[in-house]
Amino acid sequence: MTPNYRAGRYLAGWIVVVLWAALWLSAQEPGSAVIYKQQCALCHESSAKTRAPAPAALRLMSPENILRSLETGRMKDQGSLLRPEQRRALSEFLSGKPFGQEQPAAAIGLCKNTEAEFSPSANDWNGWAPDLTNARFQPAERAGLTAEQVPRLKVKWAFAFPNSPFSWGSPTITGGRLFVPSANRLVYALDANSGCQYWSYESDAPARTAIVIAPLPGRPGRYAAYFGDQKANAYALDAVTGKLLWKVRIDSHPRSKIVGALEYFAGRVIVPLTGGEEVGLGDKYECCSSRGGLVALDAATGKQLWKTYSIAEDPHPTTKTAAGIQNWGPSGASIWSAPTIDTQR
C-alpha cells in the first residue's frame, strides 16, 4: 500500500466523519420555524398588545431589514441568543424572501432636480403640530381646506416605503415637501405635489418622531430637519440635501429612546426622552433604571445646553425578586410626546 493511498483513505475517512457530524448537529438544532415559535411568536402574534409587527407585516420586510434589527436594532438582545447563521435563516423565514433582492431606497422614484429651491412657510404643518401649543389644529384659512371638502378628497399619488410595512412618524408638510420616517430606518423627503423622492437618510435605528424643519442658526437661507431615533440619537440633516449636520446621543441608558417629536425654539432643539423599560423584558432582567427627561441642544451644533430628568433621584438597587434578580428604582416617568413651549416662562 503506497503512502499516497494510505493518506487518501485517511482523508476520506475524516471527510465522512465531518459530514456525519454536521448532519447530526443540523438534526439536533431547531429550525427557523421552531426558533420563531419559541422566541418570537409570543410578542409578534400578540401585536395588538405588544406593538410588535405581526407576521403579515414581517413578510412585507426584506430579510436584510430584519437581520439589521436582530444584529444592531431593537431586537439586538433577542438576536444575541442566536448564531449568525441562525439569524440569517430566521430573517429569510420571517420575510419569506432570500437575501439579495432588497432594492436600494435611494434609487426609487428620484425627483429630476433633487436640490431644488426650498422655502418653508410658517402656515404649513411642521412637526407634531403646526404651532408651539401642540393643539394639532389648523384653521381653514391656513390649511386651505374646510371640513366640508374632506369627504371629496381623492388620492393624487402614493409612495410605498421600500422594504418596510409602515411609517412610524406623522408627516411634516412644508415648503412643498413632505418629510416622513419609515420603520426601515430611512427618513424621506418627498415632493408634496408628485411624491418623487428628493433624498433618503438611514439613521442608526428606526425613527418614530415627526420631523421638525427649522432655520439653521448662523446659516442664512439654510434649513435643518430635526428628529430622533429608537437609540436615543437626535439628528440634524440638511433639509435640502439630506446630509448629516450632527448626531447626538442624549442618554447613555441602553434602553433609552426618543418617541416624541423634537421642538425648535429660539435656536434650541428640545428633545423628549423615553426610558424604554415599560414593556416586559423577561424574568431575568434587572428592572428598572431608566428615566424620562428633557434635553436642550444647540440647533446649530447639537451641543447639550441642559438636561433635566422627570425623576430627580438617581436609580439605585432596591429589592430583589424571588429568583434573586436585582430591582432598581426610582424609575419611569418617560416623556412620550412632543414638548409644548411656554414662550412667556
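**Entry 1**

Where pLDDT is low, the predicted coordinates should not be read in detail. I moved on to the chain as a whole, which averages a pLDDT of 86, with 89% of the residues scoring at least 70.

Residues are numbered from 1 along each chain as its sequence is written, and side-chain values use heavy atoms, with hydrogens and water left out.

**Entry 2: the whole chain**

I found 8 helices and 14 strands; these are DSSP runs numbered from the N terminus (helices are H or I, at least four residues; strands are E, at least two). Of the 345 residues, 39% count as buried. Buried means under 20% relative accessible area, exposed over 50%, and partly exposed in between, with a 1.4 Å probe and protein chains only. I also looked up contacts between residues at least 6 apart in sequence: 53% of them join residues at least 24 apart.

**Entry 3: helix 2**

How much does helix 2 bend at Gln38? I read about 50° there, the bend being the angle between axes fitted to the seven residues ending at a residue and the seven starting there. Helix 2 covers residues 32-44, and its end C-alpha atoms span only 15 Å, whereas a straight helix of 13 residues would span 18 Å. That expected span is 1.5 Å times one less than the number of residues. The buried residues of helix 2 include Ile35, Tyr36 and Cys40.

**Entry 4: Thr172**

Next I went to Thr172, which sits in strand 1 (residues 172-174). Is Thr172 buried or exposed? Thr172 is buried, because its relative accessible area is 0%. Its side chain reaches the backbone oxygen of Ile211 at 2.3 Å. Leaving aside neighbours within four places in sequence, I listed the contacts of Thr172, among them Trp125, Asn126, Phe179 and Ile213.

**Entry 5: Lys231**

I found Lys231 in the loop between strand 6 (223-228) and strand 7 (233-238). Lys231 is partly exposed, since its relative accessible area is 29%. Arg255 is 24 residues from Lys231 along the chain, yet their C-alpha atoms are separated by 7.4 Å. Beyond its neighbours within four places in sequence, Lys231 is in contact with residues including Thr72, Asp204, Arg249 and Ser256.

Which peptide bonds did I note as cis? One runs from Cys287 to Cys288, with omega near 0°; Cys288 lies in the loop between strand 10 (268-273) and strand 11 (293-298). Another joins Gly329 and Pro330, with omega about -5°, and Pro330 is in the segment after strand 14 (326-329).

Then I checked phi. Arg185 is not a glycine, but its phi is positive, about 80°. I placed Arg185 in the loop between strand 2 (177-181) and strand 3 (186-191), and it is buried, because its relative accessible area is 8%. Ala333, also not a glycine, has a positive phi near 55°. Ala333 is in the segment after strand 14 and counts as partly exposed, because its relative accessibility is 41%.

Note on methods
pLDDT = per-residue confidence, 0-100. Polar contact = N/O pair within 3.5 Å; in protein donor to acceptor, adjacent residues only side chain to side chain. Contact = heavy atoms within 4.5 Å.
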